[in-house]
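Could you walk me through this model in my viewer, one selection at a time? I'd like to know what to pick next and what I will find there.

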Amino acid sequence: ASALIKTNDAAHREAKSAEEAKGCKLIRAALAPDERAHLADDGMVLRHYRAEKGIVDSAITKIKSTIRWRREFGVADIVTCFDDMNDDSHQLLRDTFREEAKTGKLYVRGHDREGRAIQYMAPGRENTRDETNQMKFLVYTLERAVACTAAAQARRRRVGIRDTINVGEEKICIIINFDQWTLRKSPPMSTTLYTLEILQKHYCERLHRAYVFNPPKFFVYFWNLIHRFVDPVTKDKIQFCTGDEGLKKIERDIDLRNVEDFVGGTGSVLQFDSEKYLLQYPHSSTFGEDISQWRQSVKECMYMYAGKIDDEGGEEKKEEEDKPAERRGFRRCNSHSLFTGTF
């Protein structure tokens, strides 16, 4: 019976894989050459297919919208703005992000037990009011979290860990801390809806799980207001963590020695420093991690993604080949977001 179940499971996975491959082929065929050249990565098509529950026409509409949004919102500039500190054209973005990051309201630190990067969010530490700048910093952090997950998976493969996340399917964890939050610091509804739009439409299939700590009573009311705008799949990923039961939820997924005190951390983690985070740690490394492993991870990514650019993206491939090998790997693995419905 056990063997039969395994066989059936394997057959089911094979059938699902074949169905997804067919759907993805149809989606790619519907994209113009210029659109294909501006895909965030090779897994973007599959993520949109899954987010739209296999409805190809809907996935085509959504992925075209995301490609257009990424170009109009300037995602490439957002991600690469710290690559060259002498590039004056990105100075405004760098200044904006340094201001947004000051209080530690949003950053990437550590990984869960399976190598997914953890994005910390602390609404109580909000320090700015410009909605556009806030959203740009949100996108910077999301892109960085995804790149950090990809780098971690490359390291796991390098040391022979077989249970790794498939390329293009990397997800992230989010830990939300409402400590210090007050009603006065609550963002306007427009900002909340803007955030949900970015997460669900343009970073679909990126969230593994979100853990909410110290939620104020008002948040329950607030959640009831916005939950109808949230995809059911995304809602199932939200974990409210209070008391001992909340601690068990997160300990199941994350080593408590590697998280901050409010989560129930049992280790001694480095105090967050926004300047070090932005200026000293590479884009594909989380704050506080050993960056000596980063260079090798980038090399792993470079080989992993080499040759995966669609043949019709020849100009992009030529442009990549003209760059120094290390920069090619960095751009391919990190600056292009590796891999951007449901969140």
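Start by selecting His 202 and Thr 66: their side chains are joined by a polar contact of 3.0 Å (a pair of N or O atoms within 3.5 Å, where within protein one must be able to donate a hydrogen and the other to accept it, and residues adjacent in sequence count only if both atoms are side-chain atoms). His 202 belongs to helix α8 and is buried, at 3% relative accessible area (buried is under 20%, exposed over 50%, partly exposed in between, with a 1.4 Å probe and protein chains only).

A word on the ground rules. This is a predicted model, in which local features need pLDDT of at least 70 and side-chain atom pairs count only at pLDDT 80 or more, while totals for chains, interfaces and linings use all residues. Residues are numbered from 1 along each chain as its sequence is written, and side-chain values use heavy atoms, with hydrogens and water left out.

Stay on helix α8 and select Met 189, which is found in this helix of residues 189-202. Met 189 is partly exposed, with a relative accessible area of 34%.

Next, go to Glu 20 in helix α1, residues 2-30. Is Glu 20 buried or exposed? Glu 20 counts as buried, at 10% relative accessibility. Its side chain has a polar contact of 2.9 Å with that of Arg 50. Leaving out residues up to four places away in sequence, Glu 20 touches Leu 46, Tyr 49 and Arg 50 (contact means heavy atoms within 4.5 Å).

The largest nonpolar core has 58 residues (a core is a set of buried Ala, Val, Leu, Ile, Met, Phe, Trp, Tyr and Cys residues joined through side-chain atoms within 4.5 Å). Select Phe 97, Val 139, Tyr 140, Ile 175, Tyr 211, Ile 250 and Tyr 277 to see those with the most contacts inside it. Helix α7, residues 131-158, gives the most to this core, with nine residues. A second, separate core has 14 residues, including Ile 27, Met 44, Val 56 and Ile 63.

Back in the 58-residue core, centre on Tyr 277. Beyond its neighbours within four places in sequence, Tyr 277 is in contact with Tyr 107, Val 108, Tyr 140, Thr 141, Arg 144, Phe 272 and Phe 287.

Finally, zoom out: buried residues make up 50% of the 343 residues in the protein chain.

Technical notes. Helix = DSSP H or I, 4+ residues; strand = E, 2+ residues; numbered from the N terminus.
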